[in-house]
Amino acid sequence: MTPAERRYMSSDELRAVGSVAWRKDGVAKVTGAEQYAPDIALSRMWYARVLRSPHAHARITRIDTSVAEALGAVCLTFADIPKVKYNERIVSTPPHLYRDRYVLADKARHVGEAVAAVAAPTEALAEKALRAIKVDYEPLQTILNAEDSMRSGAEPIHASVRLGDAEIPIENNVAVTRSIQVGDIDKGFAESEFVIEREFTTHPIYHAQMETKSVVCRPEPDEAITVWATAQSIHNVRQLLGEIYSIPLHKVNVRRVALGGTFGSSIQVNSVIPICVGLALRALRPVKLVSTREEDMYDHVRYPTNIRLRLGLKRDGTLVAGHMRAIVDIGAHNIQAFPFLGVLAGFWASLYRLPHMKYEGRAVYTNRTPSCAMQGFGAPQVTFAVESLMDEIAHELGMDPIDLKLKNYVGLGGTFWGHGPTVQSIVRSDGVPELVGLGAKKIGWKERPRPGSQTGRYRRGIGMARGFHTSGVGHPKATGAEMIDYSGAFVKINEDGSVDVVQSLMDHGGGTLEAIAKIVADELGVPLEKVGLSPVDTRTTVYDVTTHATRGVYAGGAAAQKAARKAKAILLDYASRLLGVLPEALVIEPDVRLGQGVIHCPSLADRRITVGAVAKACQVNSWGTIAAVESLRQVNCPPAYVTYFVEVEVDTDTGNVRTRRAAIGSDCGTVVNPDLAAGQLTGGLSKGAGYALIEDCRWDAQTGELLSRGFWIDGKTPSVSESPLLEDVHTDFAKTYEPSGPFGAKGLGEASTNPCAGAYANALYNALGVRFYELPVTPEKILAALQRKEPAYDARDERRTAVAPAR
Amino acid sequence: MYIATNTHILVAEFDYVEPTTLEEVFWHLSEHGPQARLIAGGTDLLVQMKMERKNPACLISLARVLELQGMTSNSGLTVGATASIRSLARSEPIGRHYTALAEACNAFSTIPIMVMATLGGNLCNASPAADTAPPLLAFDASVALVSRAGQRVVPLEDFFLGPGQTALRHDEVLRSVHLAESVRGAGSAFVKVARVAADISQVCAAVRVVRDGDHVIDCRIALGAVAPTPVRAHRAEAFLTGQRPDRGRVDDAARIAGEDTKPITDVRATQEYRRHASRVIVRDALTTAWLRAGGRELK
Ligand SMILES: Cc1cc2nc3c(=O)[nH]c(=O)nc-3n(C[C@H](O)[C@H](O)[C@H](O)COP(=O)(O)OP(=O)(O)OC[C@H]3O[C@@H](n4cnc5c(N)ncnc54)[C@H](O)[C@@H]3O)c2cc1C
């Protein structure tokens, strides 16, 4: 990188932060040298396969593994595993952690549930052995939707689950409920002059991350295990394995490998990990388990929701009261239903000020693929509902939706609920008005058509939605948290002035670790090239909760900054000995010519020394290594705001929707990786468009099988062909500075998709004059809606032009 | 289907041979009997084998057989069976004289698939949704089927018998596809509707019209994914032939074509949607083909 390639932030001290640089893992990634979990190959290694239930709901009465064993395979069944009920998502604190599953199932609760597993010298033999296992099932009533599941007399999916040290009964298949109240909604609705209520349905979709969930486990001679796994937190993998298999934590070493994308799919400790460990411990040799795409699809989907939302306002558009009732189908296991119900309320409360609100959420078990977090964790669902309804209200009240939203939104000084009712902080940076203004201008908001005014075949519409994601789940309270949230880092200055950052933080691929390197470089005052990201494992790092909740840069970066700051203090202390100047009088700046950080005293020009020379002097004089380790918990959860404007073109004859243009604005505070940040936004658009218009997971009502049966050729996600041209996607960043973030940065990742579905729904309304309350909005639904609205709707309409415009 | 069926592990064990001449192909076919299968690009067959729908004991690759390659023009155009979809999409003569076929090949999923997939494989796989079939039907294509006993030429319309079923006998190889000579005043178009670009058609249609002045003097309309095989819309063709097309006539022809479809509901689309969309795309394809034939803007 040449100095000219660097783009500096407005502030002079910031050098690496905000620059466009080669990624440190870039060459490894584009040359294929990068190691992901499925790339790990060890000597004496065997291969595992998992036998999964063909029944959606069945008792398992007998498992016969004798033929498989005769083939030379090692087998694992319920009889062989520790009888520890666990929850794979161990970031909820113990009083809120609902544990309902074993390493292998005691009963089949969904098609694809792991029932037994085998390991064999080759994957082909493992497959053969797998098919030789005989399982007797006693099928039970299959329940595929929440309504049926709650009906009295419905077959219980879990009789009881563990919470803390107690076994608690499950009634009517309701896993957990939450009610939250602020003010008095009866009073609020009584004071309202305009009340509207709508029901919104959002659907489950598959994450479609590139890397399927994989794991390699090697038992060590000292009864320790080493694990390489697809994971968003290596420390949680370690702790859960220690708990399930009663192995002391110093003997569970989980190594970080690159992640092939996640979209949240590995936010929990994947259920294949303890299965693989169980096999390795039995086989007493390394075992590798790579999920097939099909079993991966049977492993997790985004939470589907049914949201009834009632809002009351004054005639002038001031929101007064709101009532939300949410039913969430969590599928066969409770992975994080309690926090999910909390964030539905919290994200709702944080979109617009509601003096009086009431929220009632219910999470219900069914025999479907378990629901788990996916990019946005509740925000895409709630934002679709709220932003659709706000748009509708604006039209009813004769207001511009933007005015209605700016009048009511939670901004500077407001209370933001980062993660349900217990994670709250005050908003200290707010780029919303700036972003709304920019987006409106770029998309031509004022020139948008009047809803329903068009009659031709191709109709265009512009829609706007806004939202956010939280940056981490930090908050000020000392105890009583529902969620764990802290990071740690170890920063070491080497004898030549280069720096090792040793941190267990994960990078999903979006450049989180790249940001860490920039933050450390700038905190220390050394060139970015001199900062290295160490390969790490759980034995050599301090805890990091997970790269989730859009916290990587904001919380992980702040921890790295704290450690770097401490190392810097030690460095300056030593430098002061060498220079004969008080440490307070010294500064460090990168020197591009020397390729080094240079320590100097602005008041005494002759007192200069490189970081490398100080570190070397420390070694030569046996003063010690310059290093620091720190943990950090953020005490705020600043909103990473995002605004979306999309322009669609609907072919009213085929129902197809094309995205013509988009203007996406992000308020992520200081932009640490400008190119990668813009990439997050365009990616968020693609992922959001797939959610809004195309993707869906459906199950066969009789068998409980996915209609796609897990085959990717039948499940589709948009590719670059569905995206507008890059020059038609405007990405803008607000000029904000978050006081609590590292160099003013907050989050970005999940926010980039959250308002997308709402923007599409509003754009479709603008184009067609029809509201869509159910996702995805498929061509079939669009044609059906048009037929209802325009009964004379006929492909023969004279005003239509039959020639499609050029793409 | 077994629950463990997956696209990660190809469970079946099989032999694999790569002959270089047709004679060797015939030898392998007779040697292995019905347990043998020809493989060209493998983009259908390997998927079916992974999904455990097909389980051949021997795969006979056609990739190195010279007699199946190449393209020659001789009162029309003869295309070798193993020509890749990508080569057809980029061929200048096909783009000019057989525009609908070029459009179908360009709309064919993603580039990696286009590079591997062959024309012969697309036809012999006999999916109702095979994208090259409607344009080939519109160009009165015929296929040359060869065996030790010799060669027979079968009109493409008689080649498809049902989903996955063709007139091909077990000892035969599809050698080449012949497209009728293009005539003056002809124009063609292909339109595909799919959930995303990298997907099989929900429905597709190809049209070829031959114009004389303001009249349609010849017309072919063919549809994919609306019946057990790719089909011609004979009633709609007859309705337009000899007529002076206007918007109303084109709409009526499209309606007739739509009425004659027998689509099914599957993960890609509902029956109703397919029927509706076939009418729309036949109308669009007719309109575009007419303009390409030099016809005046329809009123
Ligand atoms: C991701 C993906 C996307 C796809 N998208 C499309 C699409 O958009 N449109 C579309 O139409 N199809 C699509 N397909 C299907 C497939 O790519 C095509 O049908 C392709 O043309 C098949 O050609 P192939 O050479 O790969 O056939 P193969 O798989 O090699 O063979 C298919 C069948 O034909 C037989 N066969 C092949 N050649 C001969 C011959 N010369 N003589 C006799 N029998 C023969 C084989 O025995 C086999 O039964 C897609 C497939 C995938 C995996």
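A salt bridge is a side-chain nitrogen of Lys or Arg within 4 Å of a carboxyl oxygen of Asp or Glu. The views below come from a predicted model.

**View 1. A salt bridge between Asp284(B) and Arg457(A).** The side chains of these two residues meet with N to O at 2.7 Å. Asp284(B) belongs to helix H12 of chain B, residues 271-292, while Arg457(A) sits in the loop between helix H12 (432-443) and strand S23 (458-470) of chain A, so the pair joins two chains. Asp284(B) has a relative accessible area of 7% and is buried. Arg457(A) also counts as buried, at 2% relative accessibility. Between chain A and chain B, the count is four salt bridges.

**View 2. The contact between chain A and chain B.** Chain A puts 43 residues into the contact, and chain B puts in 37 residues. Between them the two chains bury about 3,500 Å², with 55% of this area on carbon and sulfur atoms. Across the interface there are 10 residue pairs in polar contact, with both residues at pLDDT 80 or more. On the side of chain A that touches chain B, at least two residues each come from strand S1 (46-52), helix H3 (123-132), helix H8 (293-297) and helix H18 (779-789) of chain A. H3(A) gives the most to this side, with five residues. By residue type, the side of chain A that touches chain B has 16 nonpolar, six polar and 21 charged residues.

**View 3. A salt bridge in chain B, between Arg232(B) and Glu157(B).** The closest N and O atoms of the pair are 3.3 Å apart. Arg232(B) lies in strand S14 (residues 231-232) of chain B and Glu157(B) in helix H9 (residues 156-159) of chain B; the pair links distant parts of the chain, 75 residues apart. Arg232(B) is buried, with 17% relative accessible area, whereas Glu157(B) is partly exposed, with 36%. Both residues belong to one network, joined by salt bridges that share partners. The network also takes in Asp140(B), Arg208(B), Asp218(B), Arg220(B) and Glu237(B).

**View 4. A salt bridge in chain A, between Lys29(A) and Asp25(A).** The two side chains meet with N to O at 3.1 Å. Lys29(A) has a relative accessible area of 27% and is therefore partly exposed. Asp25(A), at 18% relative accessibility, counts as buried because the cut-off for buried is under 20%. In the whole structure, a search over all chains finds 77 salt bridges.

**View 5. Helix H15 of chain A and its buried residues.** This helix covers residues 611-620. Its buried residues are Val611(A), Gly612(A), Val614(A), Ala615(A), Ala617(A) and Cys618(A). An α-helix has 3.6 residues a turn, so residues three or four places apart point the same way. The buried residues of H15(A) pack against several elements of chain A. One of these is a helix, H14 (552-579). The strands among them are S24 (487-493), S27 (587-591), S28 (596-601), S29 (604-610) and S30 (626-632). H15(A) is followed by Ser622(A), which has a positive phi, near 55 degrees.

Note on methods: Residues are numbered from 1 along each chain as its sequence is written. Chains are lettered from A and ligands numbered from 1 in the order in which they are written. This is a predicted model: local features need pLDDT of at least 70, side-chain atom pairs count only at pLDDT 80 or more; totals for chains, interfaces and linings use all residues. Side-chain values use heavy atoms; hydrogens and water are left out. Contact means heavy atoms within 4.5 Å. Buried area is the accessible area (1.4 Å probe) that two parts lose on being put together, summed over both. A polar contact is a pair of N or O atoms within 3.5 Å; within protein, one must be able to donate a hydrogen and the other to accept it, and residues adjacent in sequence count only if both atoms are side-chain atoms. Helices (H or I, at least four residues) and strands (E, at least two) are DSSP runs, numbered from the N terminus. Ala, Val, Leu, Ile, Met, Phe, Trp, Tyr, Cys and Pro count as nonpolar, Asp, Glu, Lys and Arg as charged, and the others, Gly among them, as polar. Buried means under 20% relative accessible area, exposed over 50%, partly exposed in between (1.4 Å probe, protein chains only).
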